[in-house]
Every structure is written in structure tokens, then in C-alpha cells.
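Please look over the sequence and the model below, and then read the notes that follow, which are grouped by topic.

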Amino acid sequence: EIVRNISEPEEILKYFRISSFHVHNDIVRGQIIRDGNEYEVYDFKFNISDTSVKLMKHVDMGYMFDCSHSGYFYQILSSQQLLNYMDKSKGHMEPIRQLYGDAIKKLEGQISHTDNYYIVKMKALESN
């Protein structure tokens, strides 16, 4: 309510707000951000059936998908981003590799830095 009534756009950056969300099978996944003095990002997962909520602070990748349709999630990624995620010498990227799973494993050894953008299509697991 406070954010809706702010007249100066820069003031909005001080407040946490939902930046994106997707709904699939009674699960709402999304991100809460704040751009104030320090950029902060939290993922949330809200289960409508049992009314449980999980809130997770993260760095880099989370539930940042550009759109969803018919149970699938889509994200546009550059070849450079994908190659960075696939680089096994970067141990800190392991959570991202696990998040993408088979969606990027199929591309290993087949993409280069000069490729166009890729659209990654993923399906939410029913157990999540």
C-alpha cells in the first residue's frame, strides 16, 4: 500500500516488493527484491494447499523465469550465461547447474560464445 502511493519512483527502490511469480499446481514461486543501498533478492515458494511458505535468500540464480505456460517455465539466456553455468571448474555454480538439470546438460559441448540467445524450457517437478 505504501509503495502504491509513492510519487517519487526512486523511493520505491527502498521497499521490498514481488518482482515476478509463477503459479503451477497450487505452488506459487517467485522473487522478492529491494534495490535500496544494497540489492537484496529472496526466492519464495508458497504452497496454497497446505499454506506453507519458504523464503530463501540467494545469490545469482533463483526462480527467475521470464514466463510460464501450461506447466512449463521459460527463460531467455545468452550462450555466455549458459557456458558460465556449465563450467564445472566454477564450484559456486553447482546450485545453478542442479536447478537447470537436464535443461542445460543437453547443450553441453554444443554451444559457443558466438551463438544467439537460447530459450530454456523446464517443467516443475510435481514433488516440489
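Strand 1 (residues 17-24) gives the most to the nonpolar patch, with three residues; strands (E, at least two residues) and helices (H or I, at least four) are DSSP runs numbered from the N terminus. The model is predicted, so local features need pLDDT of at least 70 and side-chain atom pairs count only at pLDDT 80 or more, while totals for chains, interfaces and linings use all residues. Residues are numbered from 1 along each chain as its sequence is written, and side-chain values use heavy atoms, with hydrogens and water left out.

**Surface patch**
- The nonpolar patch on the surface is formed by Ile18, Phe21, Val23, Phe46, Ile48 and Val53, which together have about 560 Å² of accessible area (Shrake-Rupley method, 1.4 Å probe).
- Phenylalanine 21, which lies in strand 1, counts as exposed because its relative accessibility is 51% (exposed is over 50%, buried under 20%, and partly exposed in between, with a 1.4 Å probe and protein chains only).

**Nonpolar core**
- The largest nonpolar core has 12 residues, among them Leu77, Tyr85, Ile96, Ile111 and Met122.
- Helix 2 (79-86), helix 3 (94-100) and strand 7 (118-123) are the elements that give two or more residues to this core, and the largest share, three residues, comes from helix 2.
- A core here is a set of buried Ala, Val, Leu, Ile, Met, Phe, Trp, Tyr and Cys residues joined through side-chain atoms within 4.5 Å.

**Lysine 123**
- Lysine 123 lies in strand 7 and counts as partly exposed because its relative accessibility is 43%.
- Leaving aside neighbours within four places in sequence, lysine 123 is in contact with Ser70, Gly71 and Tyr72 (heavy atoms within 4.5 Å).
- The C-alpha atoms of lysine 123 and tyrosine 72 are separated by 4.6 Å, although these residues are 51 residues apart along the chain.

Notes:
Patches are made of residues with over 30% relative accessible area and no salt bridge: like charges are joined within 9 Å, nonpolar side chains (Val, Leu, Ile, Met, Phe, Trp, Tyr) within 5 Å. A salt bridge is a side-chain nitrogen of Lys or Arg within 4 Å of a carboxyl oxygen of Asp or Glu.
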